[in-house]
Amino acid sequence: MSVDLPEFSAGFCSRLRAALLRTGYDADGVVGVLGGRAHAALGRGEPEPALRATADAGELGTLIRLFLLGTSERTEAVRAAIAPVALDEAIDTGLLRSEGTGDTIRAGLDLRPHGDDEGSWWVLADLDSDQSGAPVREDHVLGVGHASLSLVRATTRRPVDTVLDLGTGNGVQALHASRHARRITATDVSARALALARATFQLNELDVELLHGEWFAPVARRRFDQIVCNPPFVVGPPRVDYVYRDSGLAGDDASALVIRQLPAFLTEGGVGQLLASWLHVEGEDWADRVSAWLPAETDAWFVQRDVADPALYVGTWLRDAGIDPRSAEGRAKGGAWLDWFAEQNVEGIGFGFVTLRRTPAEPVVVCEDLRQAYDDPLGAEAGRWLDRVDWLRDHERDLLDTAFTVPPTVLLERVDEPGDEGWSTTIRRLHRTDGPGWQHELDELTTALLAGCRGALPLSDLLGLLAVGHGQDVDELTKTAVPMVAELVRHGMLLPADGQLT
């Protein structure tokens, strides 16, 4: 059996599952053995507290050290821990590898628990360069990293019939999709990724359709209720060093390709959510750049979470592949990368989340810079954002007849400064304390308008009272207020009093 293309039979996965269940090697079991402090230290790349915590943890401790800490373990201890899996079979599949004279065993693949609020799974992937002690291979299958977890948190979890996981990698997005989708299809251009994803799904007893091919070719002429995608979004020269991150397309063309083509594979009202990168080019607005990628009949919400300096970006991705930027190889690759950025007048590289929806109505496209820290998952907010877009589209003509309320999670912050006549307010800032923490600076009139939004009077009446009280022309005030109110509704900072939006 070829270790280059791992093959795990259904019987092997069943026996391995039994071993993992028997030993308690799951998300709760690992935390239970390590404790909060050692588990947090392990997440920071500090293994010593975890090594000490597992010393007396029996077979579960053996598996934690073997797969999570990357240590060598005594052959007999490993044999006992993985029973009823035969040790020779585990070595033949590439899951484990024997060292030296065969007295010790190391992990050959990354096998780790991954959980959510409802339970735990196991995910198979390749060892990273730190674990293997060597640069990763071109068809390296990445484990559950920060990008994967970010997409998990940015994905809407509403019940659907069909989900497509485009570029499934280790399969983690499909695992999460199993919580809310009846049928799941997963694709990848990498045969190795599909082999490990298939093993992951068998290990977790999930029925997932797996298809091999580039981009959307494997699902031509099909449509899905939801599509999730963590594409090879690293931007730079058109080359492929590592399949999991490099598309072979120049610059941000991979993100552009997915965004252009994805809506055609959605059912009407279907939603696509993906990670993406885009170039910040001298003299060009990033929002204009990404908006130009969109096909017709597509609502879109682009959320920019970070903008990286080109030099920092290149160094980060070199280290990600286990290449020291100071080495001859690192300097050569890094130099060519930075030269390409300079030739393209690239000032920065934006990164973020994109939510797309196929719609027959006039599309709404919004690009927002949300680089502030926030704790709430963006996926739930993305679903509510789409709901609010629908509501605004349906109520565009009767917005003035609607009574509004300010949710209790929205606060008004004031900044006052001292003066000759006492304190005077210089800044009024509306702040939503949940979701992505939107903020809007307000003037005195808008502050007074929102103070009246208590669900009793329609917006037109409030504007009439405000105009009289402040000596303003009601038509001019209305012309200014309506788009501002729509923006606050879209951000969940002002809601209709009838409870249609929550």
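**A friendly note on this predicted model**

1. Now for the wider view. The protein chain has 502 residues, and 49% of them count as buried. Its secondary structure comes to 18 helices and 19 strands. Taken along the principal axes, the C-alpha atoms fill a box of roughly 90 × 55 × 50 Å. Among contacts between residues at least 6 apart in sequence, 68% join residues at least 24 apart.

2. Which residues of H8 (residues 146–154) are buried? They are Ser148, Leu151, Val152 and Ala154. The buried residues of H8 pack against helix H9 (172–177), S9, S10, strand S12 (346–358) and H15.

3. Aromatic rings come next. The count comes to 13 aromatic pairs. One of them is Phe216 with Phe265, which is stacked, at 4.6 Å centre to centre and with 10° between the planes. This pair links distant parts of the chain, 49 residues apart. Phe216 sits in the loop between strand S8 (209–212) and strand S9 (224–229), while Phe265 sits in the loop between helix H11 (253–261) and strand S10 (266–281). Both Phe216 and Phe265 are buried.

4. A second pair is worth a look. Trp278 and Trp286 are also stacked, with 5.4 Å centre to centre and 10° between the planes. Are Trp278 and Trp286 buried or exposed? Both are buried. Elsewhere, Tyr313, Trp317, Trp337, Trp340 and Phe341 form one aromatic cluster.

5. Charged side chains give another set of links. In general, side chains of opposite charge can pair when their charged atoms come close. The structure holds 31 salt bridges. In one of these, Glu209 is joined to Arg222, with the closest N and O atoms 3.1 Å apart. Glu209 lies in strand S8 and Arg222 in the loop between S8 and S9, so the pair ties together parts that are 13 residues apart in sequence. Glu209 counts as partly exposed because its relative accessibility is 32%. Arg222 counts as partly exposed too, at 30% relative accessibility.

6. The side chains of Arg393 and Asp299 meet at 2.8 Å, N to O. Arg393 belongs to helix H15 (residues 378–394) and Asp299 to strand S11 (residues 298–308), and the two are 94 residues apart. Asp299 is buried, with a relative accessible area of 0%.

7. How far apart are the N and O of the Glu381 and Arg388 salt bridge? The value is 2.5 Å. Both Glu381 and Arg388 are buried.

8. Finally, the cysteines. How many disulfides does the structure hold? It holds zero. Why is Cys367 in no disulfide? A disulfide needs two cysteine sulfur atoms within 2.5 Å, and the sulfur nearest to that of Cys367, from Cys229, is 18 Å away. Cys367 is partly exposed, with a relative accessible area of 24%. Cys453, by contrast, counts as buried, at 5% relative accessibility.

Key: Residues are numbered from 1 along each chain as its sequence is written. This is a predicted model: local features need pLDDT of at least 70, side-chain atom pairs count only at pLDDT 80 or more; totals for chains, interfaces and linings use all residues. Side-chain values use heavy atoms; hydrogens and water are left out. Rings of Phe, Tyr and Trp (its six-membered ring) pair if their centres lie within 6.5 Å; planes under 30 degrees apart count as stacked, over 60 as edge-to-face and the rest as tilted. Helices (H or I, at least four residues) and strands (E, at least two) are DSSP runs, numbered from the N terminus. Buried means under 20% relative accessible area, exposed over 50%, partly exposed in between (1.4 Å probe, protein chains only). A salt bridge is a side-chain nitrogen of Lys or Arg within 4 Å of a carboxyl oxygen of Asp or Glu. Contact means heavy atoms within 4.5 Å.
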